[in-house]
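Please look at the sequence and the structure below before reading on.

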Amino acid sequence: MKIFSCLALLEGPQTMGRGPKFWTSAAVVLVLAILYPLFADGYDVGNNVYFFNWLFMALGLSLIWGYGGILSFGQTAFFGLSGYTYAIVTLNIGTVYGLTWLALVLALVVAAIFAVVLGYFLFFGRIVGVFLGIVTLSVTLVLERFMSQTAGPNWVIGQARLNGFNGMSGMQPLTIPWPGGDIVLFPDVTLYYLTLALLVLVYLGLRILVNSRFGNVLVAARENPRRAEMLGYDIRKYQLAAFVIGSTLAGLSGVLYVSWGQYITPSSMGMTAAALPVIWVAVSGRTDLTATLLGTMVVLAGFQALTIYGSQYALVVMGALLVLTVLLAPNGIFLSLGKWLGKRQALASSHTSKGE
């Protein structure tokens, strides 16, 4: 019964998309995603893994900012923290016996603990509004500056040199122990399917979470924190929990990114890197997970195309896109488009029923 009650929460007031048509469309998209590697070359498949890696960070920010009303520039801090942790652990313990998965878990635990500590001081210290963004951005830039100055030979943890602004390289990808020989998840078909499976699980899990009592209280705290507190809810606990979950998802992006490219630098926590997730989520529609998922994928593809064919304009276009979103579609372009299509479909259905 608990399983069915959880599945019922896949649809609810906090998420767009419901009914057989939506889930049929989602199933079709998933099947196409599963079949895609059969018809694409290895480079394109690996490139899509790169896109998938960033979606966890975007979904986490949607939970923190969209549902919790907490503007955070700290996603890349947790991304970098987990990425560096995974790099250090794998360089020291290697890949035997599937120890890369232990490194993954440890990296996520480090990100979660750091999020708990930072979030405690933020929310129980009653830091609100724009100051949340300032503090999270400051923490991100401090971490970036710190890692950039670790270039000397004395900055070594075991066998892992931090290398400062040059970054770390040579880390091991995720490896699955197998009797006939370990399966190394290089950035091709195997890592693609793993990342796709994780993405589906995280997306469905977050839908259940935001449509549960937790999500309803979180949204209530976003809309009117005083009213939520008067109803007896300690909104600081809900905000802290959302912050930890969203930050851990950013950490998952960091681990998958390092596993994908075997490389990480402090610039992944710089000012530009910290601002990009905010742009993705704002343009997509921060208050809905589906809009965030689809919108971020499209924006990332466009950003990469601009980087390849006109790198000098890429960040300018992203900034202009954010300004246009704020002025013309403050709820997000993809979310506004989804709601418009939903209204059109509802009107068409009502006209059809009246005709009958």
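The largest share of the lining of the second largest pocket, 5 residues, is supplied by helix H11. The model is predicted, so local features need pLDDT of at least 70 and side-chain atom pairs count only at pLDDT 80 or more, while totals for chains, interfaces and linings use all residues. Residues are numbered from 1 along each chain as its sequence is written, and side-chain values use heavy atoms, with hydrogens and water left out.

**Two pockets**

A pocket is an open set of points on a 1 Å grid over the protein atoms alone, with protein on both sides within 12 Å along at least five of seven lines; lining residues have an atom within 4 Å of a point. Helices (H or I, at least four residues) and strands (E, at least two) are DSSP runs numbered from the N terminus.

The second largest pocket is lined by 21 residues, and those nearest its centre are Tyr50, Trp54, Ser268, Ala273 and Leu276. At least two lining residues each come from H3, helix H4 (75-93), strand E6 (263-264), helix H11 (271-284) and H12.

The largest pocket has a volume of about 1,400 Å³. Among its 45 lining residues, Phe22, Ala26, Tyr203, Thr290 and Leu294 are the closest to its centre. Two or more lining residues are given by each of H2, helix H3 (42-67), helix H7 (189-210), helix H12 (289-328) and helix H13 (333-355). The largest share, 11 residues, belongs to H2.

The table sets out the classes of lining residue.

| Pocket | Nonpolar | Polar | Charged |
|---|---|---|---|
| Second largest pocket | 13 residues | 8 residues | no residues |

Here Ala, Val, Leu, Ile, Met, Phe, Trp, Tyr, Cys and Pro count as nonpolar, Asp, Glu, Lys and Arg as charged, and the others, Gly among them, as polar.

Which helix holds Leu30? Leu30 lies in helix H2 (residues 19-39). This residue is partly exposed because its relative accessible area is 31%, and partly exposed means between the limits for buried (under 20%) and exposed (over 50%), with a 1.4 Å probe and protein chains only. Leu30, Val31, Ile34, Leu35, Leu38 and Phe39 make a nonpolar surface patch of about 580 Å². Patch residues have over 30% relative accessible area and no salt bridge, and nonpolar side chains are joined within 5 Å; a salt bridge is a side-chain nitrogen of Lys or Arg within 4 Å of a carboxyl oxygen of Asp or Glu.

Ala301 lies in helix H12. Ala301 is likewise partly exposed, because its relative accessible area is 35%.

Methods. Patch = residues over 30% accessible without salt bridge, like charges linked within 9 Å, V, L, I, M, F, W, Y side chains within 5 Å. Areas by Shrake-Rupley, 256 points an atom, 1.4 Å probe, with all protein chains shown as cover. 1 Å grid on protein atoms, 1.4 Å probe; cavity = no way out; pocket = protein on both sides within 12 Å on 5 of 7 lines; lining within 4 Å. Points joined across faces, edges and corners; volume = space filled by probe spheres on them.
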